[in-house]
Amino acid sequence: MTDPQNTAAPAATVYHDQPSANPIKVETRSVSVRYGDTQALHDVSIRIPDRGVTAFIGPSGCGKSTFLRCINRMNDTIDSARVSGSVLIDGEEVNSRAVDPVVLRARVGMVFQKPNPFPKSIYDNVAYGPRIHGLATKREDLDAIVEASLRKAGLWAEVEGRLGMPGTALSGGQQQRLVIARAIAVNPEVILMDEPCSALDPIATARIEELIDELRENYCLIIVTHSMAQAARVSQMTAFFHLGHLVEYGPTEDMFTNPHDARTQDYITGRFG
Amino acid sequence: MTDRAPSSDIRKAIETRLARRHRAERRFQFYGMAAIALAVLFLVVLLSSIIVQALPAFTQHTLTLPVRVEAELADPQDDRSEESLRAGSYSRMLQVALQDQFPSVTGRSELRALFGLYSSVNSAKLLNQVVENPDIIGETIEFSMPISDDADLYLKGLTTDERFVDRNEPLTLSGAEGEVTLTASDPVFSAFIEEVNDTLRARIQTVSDRAATAQARADRAETEDARQAAAAGAERARREADQLEERLQAREALSLSPEMASLLVRLGGGVVQITQLEPGGRVARGEVVIAPERDGVYQDWTEWRIETPAAGRRIGDVQIVFARALDDRGLVENGLNLILFTNADSREPELAGVRGALIGSVLTMIITMLMAVPIGVGTAIYLEEFAPRNRLSEIIEVNINNLAAVPSIVFGLLGLAVFINTFGMPRSAPLVGGFVLALMTLPTVIISSRAALKAVPPSIREAALGVGASRMQAVFGHVLPMAMPGILTGSIIGLAQALGETAPLLMIGMVAFIADPPTMGVAGFTEPATVMPVQIFLWSSGAERAFEAKTAAAILILLALMVLFNAAAIYLRSRFERRW
Amino acid sequence: MQISLFTVLILMVLTAVGFLVGRRRAYAVSSGHASRLHSLPSYYGYYIALWTGVPAFILLAIYGMFGNDAVNALAGAQMHRAGEPVHAQFEQALSDDEDIARLEAELATLENRRIYAREAIERDSELVPAAGEYPAQSPAERQQALSSEINRLAAEREARAEVLAGQVEAQTDDALARAGFVYSRLSDERRELMINDARAIAFGEGVASRETPEINALASAMRPFHEVLRSSMALAALALAIGGLAYARSRISSSFRARNRVEGAISVLLLLASVIAIATTIGIVLSLLFESVRFFSAINWRIDEFLLGTQWSPQIAIREGQVGQTGAFGAVPLFAGTALITVIAMLVAVPVGLFAAIYLSEYASTGVRGWAKPVLEILAGIPTVVYGFFALLTVGPLLRDALLLLGYENAVTQSALAAGLVMGVMIIPFVSSLADDVINAVPQSLRDGAYAMGATKSETVRQVIFPAALPGIVGAVLLAVSRAVGETMIVVMAAGQGANLTANPLESVTTITVQIVMLLTGDQEFDSPKTLSAFALGLVLFVLTLILNVIALRVVQRYREKYD
């Protein structure tokens with residue numbers, strides 16, 4: 001394998017033709033991220049369609065999670081992180097001063113690698129977002145939101161009648177679905193998922209993947225994954241990252257059957273990663 | 001196809017609450033900053049108040065007198081033997097020397113005030129000088145000694161405000177000694193009379209206010225008893241106000257009492273203390289403290305006001321006059337107070353120093369270090385490297401954690417009951433103090449040593465074991481040296497804590513007044529001693545005001561020592577810290 | 001010093017020699033091929049050095065601990081033997097003396113009557129009026145009258161015996177015999193004093209409180225024993241050292257496992273070191289328990305009164321001649337004072353400490369953390385006596401003046417408020433550093449989760465981090481409470497000493513620790529209930545803080561396990 005470090009000035013991103021079935025929801029223009037002295041992301045530009053699943057793949061440390069965190073400005077919480085470039089949601093600049101991250105994050109939900117239910121009851125976990133944002137004024141409204149969110153996350157049947165139980169008492173897969181329910185309780189437009197299945201067993205993974213498939217009817221889903229099989233199973237679009245660069249982006253089928261870039265080819269065929 | 005709520009509605013709902021949420025956020029952040037600011041403020045106030053209080057203690061006025069070492073006083077048997085020299089009357093010699101400065105002073109109370117300017121303990125120093133060098137008998141030597149604490153505070157300007165006003169209205173002095181009358185053609189004293197009257201008026205105002213509040217309380221009182229008590233209080237206050245008022249109105253001579261500011265007149269090299277002022281401010285009666293050169297008319301004289309009433313200070317007017325006169329004659333010098341460092345404790349603030357306590361602290365710390373560090377490190381090595389995971393190890397561990405939180409005074413009780421009463425070790429000794437502090441410091445040393453050992457990566461151990469070293473060799477040859485900086489840092493911090501500890505040492509009697517510092521050697525370990533923090537405690541309850549400054553100064557010295565300890569810890573940490 | 005430095009030096013040299021011998025021996029038995037040895041040659045050296053030094057030093061240590069007692073006992077025995085004839089003479093004089101015989105006969109009669117009276121009290125019956133000498137009395141009155149009469153006669157008998165003893169003493173020429181006789185008639189405490197005086201004269205240990213021919217005689221009796229014991233111990237130690245050296249040397253062969261032996265010895269040493277921690281705890285518990293039991297028996301086991309009584313005035317107990325008068329030992333005012341000051345301190349320390357910790361871990365930039373943390377550490381490192389001084393001379397007067405200005409006329413300098421406030425400041429860094437640890441242990445994923453939901457920082461802290469960290473914070477607060485309860489110097493200096501039972505923070509109160517200090521500093525007799533009560537208070541303090549610590553450590557431990 002060639003040492004990627006030595007390749008001078010990496011080639012520009014290869015973009016496949018995009019089927020224009022859905023409108024563009026998220027667009028970025030030359031987004032770069034630095035952590036202190038190290039640059040983690042170089043000039044990433046991408047256009048992600050609404051109502052579909054876009055997968056970010058690539059070897060670990062390639063910047064895909066960093067990029068994901070740019071979309072809801074989670075990098076703000078890291079002191080040393082500096083983001084440049086622009087991120088547009090529905091054509092609206094996210095990084096502008098006028099945009100309050102609080103509002104932005106209500107619009108762009110996020111699910112993390114490790115399930116992180118709050119140390120509260122299942123009900124309070126799901127009701128957390130609606131409560132802090134003041135989305136429900138009456139108890140019945142809140143009940144309705146919680147039930148609807150849990151149903152959408154496919155967890156209702158399992159937890160009905162046990163809503164007072166602490167969220168941490170659920171199994172790993174259930175916890176992850178609880179966290180998804182928590183995210184969709186504020187009706188976000190975009191849901192970011194950072195390797196949502198990497199801490200789960202295969203059965204729970206399958207359940208989450210099913211859920212992702214259901215959710216894409218209504219949401220713009222962006223999912224970072226380690227597993228190419230998963231990307232192939234759940235996503236319509238795939239972006240391949242390598243060493244902080246977006247190498248190739250296109251419809252999933254296209255990417256897997258006909259990669260244009262040699263690095264993509266190597267990664268997909270398992271030469272490295 | 002979609003069951004998504006219109007996103008604009010949600011945004012609107014969010015945005016309506018947004019301002020309130022951000023306000024709460026800022027409030028919360030403000031609380032946090034306020035907490036930090038409060039902590040910083042406390043520290044600044046604490047340190048600055050101690051520094052301000054300590055400053056006067058670092059300088060001391062020294063009185064240097066020409067002392068004639070009279071043979072008959074110094075050597076009563078006239079044989080120059082040490083025995084004879086030691087029987088000499090040196091305090092008389094000092095008295096004579098001081099009296100020579102003020103030949104006109106003969107009154108008993110004046111002389112008492114004059115001799116109050118130094119502590120008689122100083123004659124021992126003169127004695128030693130003579131015993132060391134009997135040749136000075138018959139000669140006049142320059143003898144220096146610290147001036148008394150009250151005079152020292154006065155000369156530092158901490159006792160009272162003073163005002164010297166140069167006047168040139170002619171003033172006639174009726175005599176040059178005893179009771180005298182000062183007469184002027186102008187009302188030269190009326191300004192002073194007016195000021196005294198002003199303070200009197202202010203007093204009347206406060207007393208009347210007090211009467212009014214007491215009366216109000218009496219009117220509101222719920223029980224008869226309370227009403228009567230309050231009414232009586234009101235009556236008393238009213239009567240006092242009336243009396244004061246009467247005094248103010250009376251057009252008779254104003255007698256200066258100790259509750260009023262003092263007025264003195266300097267003229268012709270002498271000082272007259274004014275006792276009575278005639279109305280009109282032209283005539284004053286007073287007493288000569290230091291005789292002026294002559295009586296008659298003086299063109300130039302100085303009005304000397306001492307603002308703080310004599311009742312509110314420990315030093316009287318007469319002593320102030322003497323102290324000021326000695327200072328003016330250049331016999332008193334303000335310099336660095338070395339006594340603070342070279343003397344042990346004393347009942348006289350001007351002679352008290354921290355040397356004894358410092359030596360006591362050093363001796364105690366040596367014992368603490370010799371005991372706590374080896375035992376603590378040994379325990380840490382055992383628990384971290386060798387202890388089998390069994391019940392005993394578990395008990396030791398829980399035990400150490402609990403021991404770390406046992407109040408320090410309980411260790412003092414342990415020391416009293418076990419070391420002193422059971423083993424019969426000497427009270428007040430650095431040995432016992434060191435033992436007690438060592439037991440108290442042990443948990444700190446153990447916990448930090450364990451942390452240091454734990455921080456050594458297992459790969460070091462495995463590497464050593466891998467080349468055939470025994471477990472003991474791996475630990476002592478490889479792990480321990482690498483953990484040493486951490487162990488030392490923890491131990492020094494523990495010792496610094498022990499250095500500042502007071503309560504347990506009170507229990508074992510290290511709180512006694514000890515005028516001789518313990519010997520700096522093996523014998524010192526069993527001699528009665530005190531340590532710095534206990535010295536601070538003792539001085540803080542000293543009655544003399546000068547001890548306040550001494551206490552603060554001792555605190556600064558102790559803090560400096562602790563800073564030194566911690567600096568050593570930080571240096572070790574940065575010098576030897578390794579990262580893996 | 002009863003062990004001469006010389007002996008110690010010789011032993012050290014011998015130990016060093018043992019090391020060299022061992023190493024040479026090892027080379028010798030391996031005939032120059034060190035690799036044939038089981039262990040490195042220096043281990044053989046250590047092995048012999050251990051056998052040379054350890055037994056001898058143990059012997060010296062034992063001698064150091066019990067040597068004085070042995071000399072005292074031996075000299076005491078000699079003195080006792082010398083005094084026996086004198087004592088016999090005294091007994092003879094006693095039995096020959098008519099006054100004594102008369103007094104004893106009278107005492108016996110009176111004692112019988114007293115027993116009769118006591119029986120009458122127990123039976124609750126009237127007394128038959130005794131012939132003439134006693135008017136009609138109630139049994140209780142009679143008993144009391146008899147008791148005082150008995151006391152009077154006993155004192156008379158004692159005085160007579162004293163006179164006789166003086167006569168006997170005057171007839172004895174041998175000072176040591178007199179010493180033995182005098183000693184036998186002394187109380188335990190006076191005996192101890194006499195021994196100490198004699199030691200002071202004989203060996204210059206401190207200053208003798210008095211010097212009499214008898215004490216001098218005892219001192220001279222001590223010297224030879226001391227010399228003999230000292231030189232024989234030195235010789236025995238040397239013999240042990242040489243014997244140990246020889247024995248260990250004889251065991252060395254090339255297959256001898258010297259390293260294992262040496263390492264075994266070291267691990268025993270390490271184990272002993274760690275047992276000291278336990279020994280300390282046991283020592284604390286036993287000494288507190290033992291002295292408390294003595295205290296409780298002195299107040300007739302009225303533990304309920306101690307724990308629930310509201311009157312604390314132990315001073316009465318030291319007035320002499322008040323048999324049965326034990327002072328008032330109701331510790332409730334102390335507990336209340338401790339609680340009051342602790343509450344005030346917590347009201348300062350918990351909010352400020354928590355907010356400081358939250359700000360430092362969640363908000364502060366690296367720069368702010370860089371100076372704010374050291375500031376807190378400095379606050380934590382300042383000795384408590386300094387805080388006490390600050391409370392006494394700055395905060396106390398300031399508070400008093402402020403209160404006077406506000407019209408509160410009973411303001412005092414030494415108040416619960418002044419002490420509590422300053423103690424609160426002292427505990428701020430303690431709370432904040434513990435809380436900081438706890439907050440930092442909350443996993444980042446929970447923060448991320450909350451931020452990703454659009455929560456603000458304060459919402460994250462209040463609704464997610466705080467509930468997650470709550471057990472740890474509770475533990476930290478409990479530890480802080482335990483710290484406040486056991487804090488001594490601030491309250492000793494700034495809270496006053498009056499045992500007021502009050503909830504008014506502006507008054508002066510007293511605490512458990514203050515009373516311990518008050519009771520144990522200054523003049524004290526070790527056996528009075530006043531002094532012993534300090535240990536009972538110490539026991540209460542120890543148990544209280546132990547409970548708090550155990551709970552707190554448990555809670556924190558559980559909490560750590562949850563997130564580790």
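Visitor: From which domains of chain B does the lining of the largest cavity draw at least three residues each?

Guide: This is a predicted model. The lining draws at least three residues from domain 2 (57-152) and at least three from domain 4 (349-576) of chain B.

Visitor: How many cavities does a search of the whole structure find, and what is the volume of the largest cavity?

Guide: The search returns 6 cavities of 30 Å³ or more. The largest cavity has a volume of about 90 Å³. Chain B elements giving two or more residues to its lining are β1 (59-68), α7 (149-155) and α20 (546-576).

Visitor: Which residues lie nearest the centre of the largest cavity, and how does its lining divide by residue class?

Guide: The lining comprises 14 residues, and those nearest the centre are Pro56(B), Asp152(B), Lys156(B), Ala546(B) and Lys550(B). By class, the lining has 6 nonpolar, 3 polar and 5 charged residues.

Visitor: What does the domain assignment give for chain B and for chain C?

Guide: Domain bounds come from an automatic or database assignment. For chain B, the assignment gives domain 1 (7-50), domain 2 (57-152), domain 3 (162-312) and domain 4 (349-576). Chain C is divided into domain 1 (5-245) and domain 2 (334-563).

Visitor: How far apart do the C-alpha centres of domain 3 and domain 4 of chain B lie, and what separates the centres of the domains of chain C?

Guide: In chain B, the C-alpha centres of domain 3 and domain 4 are 59 Å apart. In chain C, the centres of domain 1 and domain 2, taken over C-alpha atoms, are separated by 49 Å.

Visitor: Which residues of chain B does the UniProt annotation "transmembrane region" cover?

Guide: Such annotations may be inferred rather than shown by experiment. The unreviewed UniProt entry covers several spans of chain B, among them 431-453 and 474-499. Residues 431-453 of chain B are 100% helix and 0% strand, with end C-alpha atoms 30 Å apart. Residues 474-499 of chain B are also 100% helix and 0% strand, and their end C-alpha atoms are 34 Å apart.

Visitor: What does UniProt list for chain C under "transmembrane region" and "coiled-coil region"?

Guide: Under "transmembrane region", the unreviewed UniProt entry lists spans of chain C including 411-431 and 532-556. Residues 411-431 of chain C are 76% helix and 0% strand, with 30 Å between the end C-alpha atoms. For residues 532-556 of chain C the values are 100% helix, 0% strand and 36 Å. As "coiled-coil region", the unreviewed UniProt entry lists residues 93-120 of chain C. That span is 96% helix and 0% strand, and its end C-alpha atoms are 38 Å apart.

Visitor: Where in chain A are Asp43(A) and Asp90(A) found, and what is the phi of each?

Guide: Asp43(A) is found in strand β3 (residues 38-49) of chain A, and its phi is positive, about 40°, although it is not a glycine. Asp90(A) lies in the loop between β5 (81-89) and β6 (92-93) of chain A, and its phi is near 50°, a positive value in a residue other than glycine.

Methods
Residues numbered from 1 in each chain as written. Chains lettered and ligands numbered in written order. Predicted model: local features only at pLDDT ≥ 70, side-chain atom pairs only at ≥ 80, totals over all residues. Heavy atoms only, no water. Helix = DSSP H or I, 4+ residues; strand = E, 2+ residues; numbered from the N terminus. 1 Å grid on protein atoms, 1.4 Å probe; cavity = no way out; pocket = protein on both sides within 12 Å on 5 of 7 lines; lining within 4 Å. Points joined across faces, edges and corners; volume = space filled by probe spheres on them. Nonpolar A, V, L, I, M, F, W, Y, C, P; charged D, E, K, R; others polar.
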